[in-house]
Amino acid sequence: MTPENITRINALAAKSRTPEGLSDEEKAEQASLRKEYLASIKASLQTQLANTVIVDENGTRTPLTKKEK
């Protein structure tokens, strides 16, 4: 996600709160940008969790694993 896209998301959010609101094209653009933003947040979190380890009192490093349901 680029800083320009985040700026555009903020501009569309501000415009949506005005009396004029957003056009249908702008609403579609806003939805697309939000979906891209959420995907980037999720990917970042997954990467961070993949690199997280638990260190016990003995110094043993155990990587996080997915919890079974």
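**View 1. Glu-26, a buried residue of helix H2.** Glu-26 has a relative accessible area of 15%, which makes it buried (under 20% relative accessible area, with exposed over 50% and partly exposed in between; 1.4 Å probe, protein chains only). Glu-26 sits in H2, residues 24-50. Helices here are DSSP runs of H or I with at least four residues, numbered from the N terminus. Beyond neighbours within four places in sequence, Glu-26 is in contact (heavy atoms within 4.5 Å) with Arg-8, Leu-12, Lys-15 and Gly-21. The model is predicted: local features need pLDDT of at least 70, side-chain atom pairs count only at pLDDT 80 or more, and totals for chains, interfaces and linings use all residues. Residues are numbered from 1 along each chain as its sequence is written, and side-chain values use heavy atoms, with hydrogens and water left out.

**View 2. Helix H2 along its length.** H2 has 27 residues. Glu-26, Gln-30 and Leu-33 of H2 are buried. The buried residues of H2 pack against helix H1, residues 3-16.

**View 3. The crossing of H1 and H2.** The two axes come within 10 Å and cross at roughly 135 degrees. Axes are lines fitted to C-alpha atoms, for helices over the stretch in contact, and angles run from 0 to 180 degrees between N-to-C directions. H1 and H2 are therefore oblique to each other; angles under 35 degrees count as roughly parallel, over 145 as roughly antiparallel, 65 to 115 as roughly perpendicular and the rest as oblique. H1 contributes Asn-5, Ile-6, Arg-8, Ile-9, Leu-12, Ala-13 and Lys-15 to the contact. From H2 come Glu-26, Glu-29, Gln-30, Leu-33, Arg-34, Glu-36 and Tyr-37. By class, the contact has 6 nonpolar, 2 polar and 6 charged residues. Ala, Val, Leu, Ile, Met, Phe, Trp, Tyr, Cys and Pro count as nonpolar, Asp, Glu, Lys and Arg as charged, and the others, Gly among them, as polar.

**View 4. Gln-30 and its partners.** Gln-30 also lies in H2. Gln-30 is buried, at a relative accessible area of 10%. Gln-30 touches Leu-12, Ala-13 and Leu-22, residues up to four places away in sequence not counted. Gln-30 and Ile-9 are 21 residues apart in sequence, and 6.3 Å apart in space, C-alpha to C-alpha.

Conventions: Helices (H or I, at least four residues) and strands (E, at least two) are DSSP runs, numbered from the N terminus. The expected span of a helix is 1.5 Å times one less than its number of residues.
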